[in-house]
Amino acid sequence: MIPSDHFTRFYNEVFKFLESKGEEDLELYWLAISKNQERHILELIETKGLQGMYEYWSVIDEEENCDMDIIVDDDHLALRMNECPSLSKVQDNDAAPMGRYCDHCAGWIGPIMDKTGYHMVYDVISRTEPRCSMKIFKDEAKAREAEKSAQLLMGWPGREQHRS
């Protein structure tokens, strides 16, 4: 098993290599990760909806020792990553972080949300600060309204952009 410190560094180098080959290669990789992640979250979403998402990210919170807050109600789930361990580990090494490292999170979870009919608003806030905010809504209009307050709104492969 590869330690998480090495895993994030490996990911970073893979992302940089694929980006050098072209945007399409990078997006295909994120879509492959997304397809793999369906095994871990798709059934939870399909059977438990927002509560299933809460259960999934609560496990991530504990396993990856995250500093995050998660709230869920009948209308949406809101996750605020106060200090992302993944980006922090990538920044804390001698290799330069990939400029778009944070995009991989939206790149894999976005297609799953599209597939399940939920609407995600993923605000990276900054590409150099290890924090972000993600909100997932049942109602698309509420998601579009929430996008207006995003600082750095993420897209993902296949997503229709609603804002310039």
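Colleague: What separates tyrosine 11 and phenylalanine 15 in helix H1?

Modeller: In this predicted model, tyrosine 11 and phenylalanine 15 are four residues apart in helix H1, so about one helical turn separates them.

Colleague: Why is the pair of tyrosine 11 and phenylalanine 15 called tilted?

Modeller: Their ring centres are 4.9 Å apart, within the 6.5 Å required for a pair.

Colleague: How do you know whether tyrosine 11 and phenylalanine 15 are buried or exposed?

Modeller: Buried means under 20% relative accessible area. Tyrosine 11 has 13% and therefore counts as buried; phenylalanine 15, at 0%, counts as buried too.

Colleague: What makes phenylalanine 7 partly exposed?

Modeller: Its relative accessible area is 36%, which lies between the limits of 20% and 50%, so phenylalanine 7 is partly exposed.

Colleague: How many aromatic pairs does the structure hold?

Modeller: There are seven. One of them joins phenylalanine 7 and tyrosine 11, with centres 4.8 Å apart and planes at 35°, so this pair is tilted. Both residues lie in helix H1, which covers residues 4-21.

Colleague: Which residues do ring pairs link into a cluster?

Modeller: The cluster consists of Phe7, Tyr11, Phe15, Tyr29, Trp30 and Tyr101.

Colleague: Where does the charged end of arginine 159 sit?

Modeller: It sits over the ring of tryptophan 156, at 4.7 Å from the ring centre. That distance is within the 6 Å cut-off.

Key
Residues are numbered from 1 along each chain as its sequence is written. This is a predicted model: local features need pLDDT of at least 70, side-chain atom pairs count only at pLDDT 80 or more; totals for chains, interfaces and linings use all residues. Side-chain values use heavy atoms; hydrogens and water are left out. Rings of Phe, Tyr and Trp (its six-membered ring) pair if their centres lie within 6.5 Å; planes under 30 degrees apart count as stacked, over 60 as edge-to-face and the rest as tilted. Helices (H or I, at least four residues) and strands (E, at least two) are DSSP runs, numbered from the N terminus. Buried means under 20% relative accessible area, exposed over 50%, partly exposed in between (1.4 Å probe, protein chains only). A charge sits over a ring if NZ of Lys or CZ of Arg is within 6 Å of the ring centre and within 35 degrees of the ring normal.
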